[in-house]
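Hi,

Here is the structure I said I would pass on. Have a look, and my notes follow below.

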Amino acid sequence: MRFLLLSLALACSAASRPVTPDSIRAAYLHAWESYKKYAWGHDALKPLSMSARDWYGTSLCLTPVDAYDGLVLMGLKEAAEDKQLILDSLSFDKDVEVQSFEITIRLLGGLLSAYQLDRDQRFLSLARDLADRLLPIYDTPTGMPCRFVNLRTGKTRDSLNNPAEIGTAILEFGTLSKLTGSPLYYEKSKNALVQLFKRRSSKDLVGSTINVITGEWVDKDSHIGGGIDSYYEYLLKAWLLFGDEDCKKMWDVHSRAINKYLADARKDSLWYGHADMDSAKRTFTRFGSLEAFFPATLCLAGDTSRAARLEESCFRMWNLYGIEPEEIDYSTMTPTAKEYYLRPEIIESAYYLYHYTKNPRYLQMGETFFTSLEKYCRVPSGYTYLKDVTTMEKADGMESFFFAETLKYLFLLFSPERTLPFDSVIFTTEAHPLHHLR
Ligand code: DMJ
């Protein structure tokens with residue numbers, strides 16, 4: 001009996017143990033050691049099968065590059081072995097067709113922040129080599145990029161693209177321009193934003209799919225979720241990072257429309273749903289875990305009040321089952337996609353909100369996020385995503401953004417400001433901190 005009571009007391013104290021930078025460091029190390037053991041040198045770890053995954057049949061070091069600045073920020077000595085791995089094995093001279101958006105946000109952004117933290121020129125050379133291989137995507141009649149490019153031949157593919165993949169490059173390409181003195185990267189990536197903006201509807205909204213050869217919209221579903229999200233985010237952040245007033249004007253136009261037509265204020269909650277880009281009529285009342293980036297963006301735009309209301313909605317969504325489903329219908333509060341991919345957005349927004357308001361509410365949210373991750377996603381060899389949050393059935397994958405974003409934002413939420421002064425950087429959409437270089 002005494003033994004039982006003692007075990008119960010120990011279990012309770014473990015459950016209520018406060019989250020600290022050290023506990024998040026330990027989680028980062030658990031994920032990193034698992035990657036090291038079962039997937040060293042590969043793109044990503046598969047934690048259930050204890051095996052590795054390469055996106056294109058050959059490794060481009062997605063996890064090592066995405067994880068590097070997190071290891072440095074957390075003061076972990078493992079940063080040295082990661083750096084060695086990247087410099088010894090990463091080469092872009094490969095006959096593979098890659099998705100430019102993913103490679104830009106994970107690798108180009110990761111290499112640039114590695115360079116800014118560490119000042120090793122080899123990171124910058126890798127970044128430039130990669131960007132040069134990606135540049136052919138912009139050779140289209142409209143200047144909006146194709147989705148895929150072969151890293152060796154420069155051959156591009158896919159005339160259909162979406163706003164997020166078209167518009168999420170200026171932070172990385174622009175930083176490269178500032179660091180190398182070559183304006184081309186900035187010009188090409190900014191032109192893509194301008195060309196997309198020009199094709200907005202009369203309601204100032206964009207749709208989901210556009211043909212980058214003809215400039216015609218193919219899918220007019222408008223929302224702030226996956227496929228559109230970081231187009232908006234980068235307009236605002238390009239202004240903040242580079243002082244680009246054109247980007248600020250474009251953001252202002254879109255943000256008015258987003259708050260007018262996509263925002264859906266209900267009795268006790270605020271959501272952002274879908275609408276047709278031309279008529280601005282509501283089409284779906286769906287909201288996903290990706291949309292949870294928006295409170296952070298609202299904070300940067302100075303609207304902490306809307307940000308706080310939206311974050312409360314996101315938190316309700318998290319608490320429906322104890323960890324957030326990929327998407328819900330907020331009119332019925334039922335899931336329309338039941339996975340949890342270890343996504344960071346709701347944590348990112350809690351970090352921003354805490355920075356701007358210092359309201360302990362966001363630390364409490366952070367405790368909930370971390371506790372859920374430990375409870376439902378931690379396995380002996382890493383952290384794994386969930387196939388279904390209603391049953392907590394696990395799937396076999398740990399995306400590199402779990403290092404780059406999920407655990408990094410949690411760490412920063414609980415760390416003193418001096419760890420990384422908020423105003424000294426702008427985070428890319430993959431949470432790679434880039435320093436101001438005006
Ligand atoms: C990340 O790769 C980036 O944050 C991207 O903008 C959207 N999705 C994932 C994380 O959920």
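Helices (H or I, at least four residues) and strands (E, at least two) are DSSP runs, numbered from the N terminus. The model is predicted, so local features need pLDDT of at least 70 and side-chain atom pairs count only at pLDDT 80 or more, while totals for chains, interfaces and linings use all residues. Residues are numbered from 1 along each chain as its sequence is written, and side-chain values use heavy atoms, with hydrogens and water left out.

Threonine 429 first: you'll find it in the loop between strand E21 (425-427) and strand E22 (433-435). Its relative accessible area is 15%, so it counts as buried (under 20%, with exposed over 50% and partly exposed in between; 1.4 Å probe, protein chains only). Leaving aside neighbours within four places in sequence, threonine 429 is in contact (heavy atoms within 4.5 Å) with Ile105, Thr168, Ser230, Glu233, Tyr234 and Glu405.

Proline 295 sits in helix H12 (residues 294-300). Proline 295 is buried because its relative accessibility is 0%. Beyond its neighbours within four places in sequence, proline 295 is in contact with Ala307, Leu310, Glu311, Ser349 and Leu353. One of these, glutamate 311, is 16 residues away in sequence, yet the C-alpha to C-alpha distance from proline 295 is 6.1 Å.

Cheers
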